[in-house]
Amino acid sequence: MDWINSLLFEPSAVQTVIVLSLICAGGLAAGKIHLAGISLGVAFVFFIGIFAGHLGLAANPQMLDYAQTFGLVLFVYCLGLSVGPGFFSSLAHEGLSLNMWSLAVILLGTIMAIALCPLTNISLPEMAGLLCGATTNTPALGAAQQTLSQMNLPQSGAALGCAVTYPLGVIGVILALMIMRRLMVKPKDLLPRNNHEENETFIARFMVVNPALQGKSLAEIAQMTHFKYIISRIWRRGEVIVPKSSTRLQPNDKLMVVTRKEESDALEILFGKRLKDEDWNIEGIDWNTLDRKMESKVVVLTRPMLNGKRLGNLHVRQTYRVNISRITRGDIKLLATPDLRLQYGDRLHIVGDPQSVDEVEAFFGNSVQSLNEPNLAAIFIGIILGLALGALPIHLPGMSIPVKMGIAGGPIIVGILVGAFGPRFHLITYTTRSVSLMLRKLGLSLYLACLGLDSGAHFFETVVRPEGLMWVGIGFVLTIVPVLIVGIIALRTGKYDFGTICGILCGSMANPMALTYANDTIENDSPSVSYATVYPLGMFARVILIQIMLMFML
């Protein structure tokens, strides 16, 4: 039995790995249990960690701090990397409104905390700690402690308040989401409201009846209008033509055009007539049956040297006599315009004669097997840059203490930037969906196991203190009330689907575990996208507000 005691209770690297593995395995197994149709998923790792800490299991503090930091950094960076490609289009479309809802949650919680001080006779430093724990925001606690230190005030009350309220702060957001879903959410609210970023293409057939286009080349016609479109096929007197920029249109030519839906009416005016013979945008169309001389094929970009290149600079149409009609990137369908930058893993829809298609297939690579090999170098480089950004002190006017983005804020921002702009610097950021999900779940499991183990050692003895239960109750109110109020109002507006609202609420509360619960119960990526949209500003706002609250009210 001595060897079992040494493995579980004698601090060492092996003992830390075994303890964390036991907690993660037990939590993930328990997370699969459904009660009344509800499962906490990976969230159970946190509670198994608390229970293990209460039973006396412990680990070397430095190793525990390393594992917790690495787990959180891995989770938030991979999350930013996965939402990066579509982040800025979402931000430009509705980013301001999403962040306003997030700030509403943050401001409401802060105002409630200030108002509860005279009602409960809790000092402001202690209330600041309760608020940091209730919102699971350790960077805000660090800022609060620095402020108290500079004001020569004790910091122990803030730290103790955060430790007491943190566990229910983690689970409180999940409970609020459960309540909203059970009582307020209708089936239509589970469907995404905005699909603008998922499909930017629309396929239609037109007939040339506009006499102004007779004899003009496609290049000349493109200069006559600012609309974006790709002509993939031309039918002329029973023959099919692969269009080139020098191809000249003739009356009654029939064109297969890929464009954006909002521009299809304008193209009908340009060409003269739209042929409504079939819906070309449904799934499952066999494009190779349209004509025998043409082949339509999807080719995967796996040639590293083409990563980040603009499509127009490759001169594919002139060199290989084929057309690239559209590009699928993840779940997003993009129009194959000349200024579009290609990314490793893009799926290109190519139209041309079979021999030319085979030639261009070799040019782009089309080695599907290579996609299964994740580029770990990009992940580690991104983590380094994210931690460097998180440690960068930001000096704001009127603030005596510089603000830092921290180990969570820096990596998620860098992850978003690398996911969005990495290909421009020829950095291969592609990972399969399964790899991305595994890394995120691995990181979150490590983080929650360490957090629970560290909190469990003194959690119950702190709760039974005279003020402990009151602090827990106040922290729970600060967690769940702002989330429910803002969430219900946002849901009532009918502007957002429930997944987007979940992401807003989880991001405003800096709660990755609640985000995982939302992702596990909602069948789209809207929670992750809105979470990444509001998280950086929300985390920054909480760090600033906690300092303002202490500096101007003490």
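1. Because 7 of the 7 residues of E1 are buried, E1 is largely enclosed by the rest of the structure.

2. The model is a predicted one, in which local features need pLDDT of at least 70 and side-chain atom pairs count only at pLDDT 80 or more, while totals for chains, interfaces and linings use all residues. Residues are numbered from 1 along each chain as its sequence is written, and side-chain values use heavy atoms, with hydrogens and water left out. Helices (H or I, at least four residues) and strands (E, at least two) are DSSP runs, numbered from the N terminus.

3. E1 belongs to an open sheet of 5 strands with antiparallel pairing, in the order E3-E2-E4-E1-E5; two strands are taken to pair if DSSP finds at least two bridges between them. Strand E3 (239–241) and strand E5 (272–275) are the edge strands, each pairing on one side only. From one strand to the next, the twist averages 30°, with axes being lines fitted to C-alpha atoms (for helices over the stretch in contact) and angles running from 0 to 180 degrees between N-to-C directions.

4. Strand E1 (residues 202–208) pairs with E5 in the antiparallel sense over 4 bridges; Met207 has Lys273 of E5 as its bridge partner, and Phe206 stands opposite Arg274 in E5. With E4, the pairing of E1 is likewise antiparallel and runs over 6 bridges, Phe202 standing opposite Thr259 in E4.

5. Strand E7 (residues 323–329) and E9 pair in the antiparallel sense over 5 bridges, and Ile324 stands opposite Ile350 in E9. His349 is placed in strand E9 (residues 347–352) and counts as buried, at 15% relative accessibility. Apart from its neighbours within four places in sequence, His349 is in contact with residues including Lys297, Val298, Asn323 and Ile324.

6. Phe552, in helix H18 (residues 526–553), is exposed with a relative accessible area of 60%, and together with Ile548 and Met553 makes a nonpolar surface patch of about 310 Å². Arg492, in helix H15 (residues 468–493), counts as exposed at 66% relative accessibility; Arg492 and Leu255 are 237 residues apart in sequence and 45 Å apart in space, C-alpha to C-alpha. For the patch, member residues have over 30% relative accessible area and no salt bridge, with like charges joined within 9 Å and nonpolar side chains (Val, Leu, Ile, Met, Phe, Trp, Tyr) within 5 Å; a salt bridge is a side-chain nitrogen of Lys or Arg within 4 Å of a carboxyl oxygen of Asp or Glu. Accessible areas come from the Shrake-Rupley method with a 1.4 Å probe, and for residues only the protein chains shown count as cover.

Terms used:
Buried means under 20% relative accessible area, exposed over 50%, partly exposed in between (1.4 Å probe, protein chains only). Contact means heavy atoms within 4.5 Å.
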